[in-house]
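Hi,

Here is the structure I promised to pass on. Have a look at it first, and my notes follow below.

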Amino acid sequence: VSGSNEYKAAGYCLLHPPAYRTEVFFDDLEAYERADKQGYRKDEHLKRVEIGGEAKEVFASMFFSCKSLEKVVLPRTLERIGDYAFADCVSLEDVTDLSMLNLKSIGTSAFENCVNLGEIQFPDTLQKLGEDAFKNAFNWKEKASVVLPESVTEVSLTCFENAEINELVWNASAECIEPETFYECLFLENV
């Protein structure tokens, strides 16, 4: 019908445009665990995520490449951020203070290409930072600094490659820094 409020989508005639969610709230653990583990990948409308309840993990690739995602609220019970969980979330700038969480590991490329991240505070429970975890991350305008707590025993290959950090405080008990962990960190002034 010409001139009406109809929209065509995938060969169907709709009376209204599809409703896009800009915020996702998981009020309890059961709702979170029932969610499609990769159901939000590349969601171009999602701006805010809040994971409540007693969640222990952000699943691998769950919010991969959500280009409009700006804010993430995580529960204190969180122990692991999975591989690629927030990779390529280029608008992400506001993440729950990680130092307040029970976080033990951050997976491979978990925050890779999150170019708008500001300073991140790691908790004293953190043990492992995965390969490329913060590659190409941080916003140099915010003068991001990284403090690695004594609990960190593993900092993987290229973990902070090309990350725009200007200060590193190494309190970590890791005996070995993998090659190229801080490769191309051009703004790194203080170690």
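In what order do the three strands of the open sheet stand, and is the pairing parallel or antiparallel? The order is β10-β12-β14, and the pairing is parallel. Both β10 (120-121) and β14 are edge strands with a single partner strand each, so one side of each has no neighbour in the sheet. Between β12 and β14 there are five bridges, and Val147 sits opposite Val169 of β14. For the terms: strands (E, at least two residues) and helices (H or I, at least four residues) are DSSP runs, numbered from the N terminus, and two strands pair if DSSP finds at least two bridges between them.

Before you read on, please keep in mind that this is a predicted model, where local features need pLDDT of at least 70 and side-chain atom pairs count only at pLDDT 80 or more, while totals for chains, interfaces and linings use all residues. Residues are numbered from 1 along each chain as its sequence is written, and side-chain values use heavy atoms, with hydrogens and water left out.

The overall picture

The protein chain has one helix and 14 strands. Of its 191 residues, 43% count as buried (under 20% relative accessible area; exposed is over 50%, partly exposed is in between, with a 1.4 Å probe and protein chains only). Taking contacts (heavy atoms within 4.5 Å) with a separation of 6 or more, 42% are between residues 24 or more positions apart.

The core

The largest nonpolar core holds 53 residues, and Phe63, Phe86, Phe134 and Phe160 have the most contacts inside it. By nonpolar core I mean a set of buried Ala, Val, Leu, Ile, Met, Phe, Trp, Tyr and Cys residues joined through side-chain atoms within 4.5 Å. Two or more residues each come from β3 (23-26), β4 (48-51), β12 (144-148) and β14 (165-170). The biggest giver is β12, with three residues.

A search of the whole structure turns up eight salt bridges (a side-chain nitrogen of Lys or Arg within 4 Å of a carboxyl oxygen of Asp or Glu). One of them joins the side chains of Arg21 and Asp43, at 3.3 Å from N to O. Arg21 is in the loop between β2 (12-14) and β3, and Asp43 is in the loop between α1 (29-34) and β4, so the pair ties together parts 22 residues apart in sequence. Arg21 is partly exposed, at 40% relative accessible area, whereas Asp43 is buried, at 12%.

Glu79 and Lys104 form another salt bridge, with their closest N and O atoms 3.9 Å apart. This pair links distant parts of the chain, 25 residues apart: Glu79 is in the loop between β6 (71-73) and β7 (80-81), Lys104 in the loop between β8 (94-95) and β9 (105-106). Glu79 is partly exposed at 25%, and Lys104 is partly exposed at 31%.

Then there is Lys135 with Glu161, also a salt bridge, at 3.9 Å from N to O. Lys135 lies in the loop between β11 (128-129) and β12, and Glu161 in the loop between β13 (154-155) and β14, 26 residues apart. Glu161 counts as buried, at 16% relative accessibility.

Cheers
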